[in-house]
Amino acid sequence: MQNRRTFMARALLACSLTLAGAAPALAADNVVRIATDATFPPMEFVENGKMTGFDIDLTNALAKQMGKAVQWTQIDFKGLIPGVLSGRFDMAVSAIYITPERAKVVDFGDSYYAGGLVVMVKKDNNTIKSIDDLAGKNVTVQVGTKSVEFLKTRYPKVHAVEVEQNEQMFSLVEIGRADAAVTGMPAAYQFARTKGTLKVLPKQLTTEAYGMAVSKNEPQLTAALNKALAALKADGTYDKIVHKWFANDK
């Protein structure tokens, strides 16, 4: 909930300029090509060899409502927006926070869930009570996510340790090579519940809106997503999916 995630401003804008003259191939009428980084439970992850999670269930339900099939592709989070810009994918769904920088290069459907950044520390750590206690300490963040820019601009005295995968953030804290992790709220609570080795500090750092990133060359897809989301909320499907994945949050 990297965020599982969000601040590739300079890279995204540079990529958009490079690709501006090339119109990407659109999806077949009945197929939507979607990229995700399925390493961020409960939003998206792999279980028994199959992708699952809140984003996966919701997106599949949206596609069904639109009368389309989904072609999922698993890639690293940092490649999601560039993949949409290049035309490889029609959209990216992976607990992506809507930011002004991202909105310059991709379109977003209506926000489908509220998240935010939180701090995680070892369960028995009673010295770090808030982010203000992290000055000079090692804090893990996932590359390409909003956590990176958040620490850089708001807490420059924190030593951010960037890692490729979500699981690495937590494991480095568990083994003592980092003092804390800053990540998206849903993944933090999921890890705390299932592993029991880390805890989430009570004060949420930010409040963010998750959105599905869509190619600016496919405005009809954005409009169809918004219409389908409204329909799922009206008929109760959305609430059922939320309850399935977040009924025990916090």
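Biologist: How much space lies in the second largest pocket?

Modeller: On a 1 Å grid over the protein atoms alone, a pocket is an open set of points with protein on both sides within 12 Å along at least five of seven lines. Grid points are joined across faces, edges and corners, and the volume is the space filled by probe spheres set on them. Here, in a predicted model, the second largest pocket holds about 150 Å³. Local features need pLDDT of at least 70 and side-chain atom pairs pLDDT 80 or more, while totals for chains, interfaces and linings use all residues. Side-chain values use heavy atoms, without hydrogens and water, and residues are numbered from 1 along each chain as its sequence is written.

Biologist: Which element gives the most to the lining of that second largest pocket?

Modeller: Lining residues have an atom within 4 Å of a point; helices (H or I, at least four residues) are DSSP runs numbered from the N terminus. For the second largest pocket, α7 gives the most, with five residues. The lining includes F170, F191 and K195.

Biologist: Which residues line the largest cavity?

Modeller: A cavity is a set of points where a 1.4 Å probe fits but cannot get out. The largest cavity, of about 60 Å³, is lined by L62, G109, D110, Y112, M212, L225, N226 and L229. Helix α8 (residues 219–235) contributes three residues, the most of any element.

Biologist: What is the volume of the second largest cavity?

Modeller: The second largest cavity has about 30 Å³. Its lining includes V32, I34 and M91, and α2 gives the most, with four residues.

How values were computed:
Helices (H or I, at least four residues) and strands (E, at least two) are DSSP runs, numbered from the N terminus.
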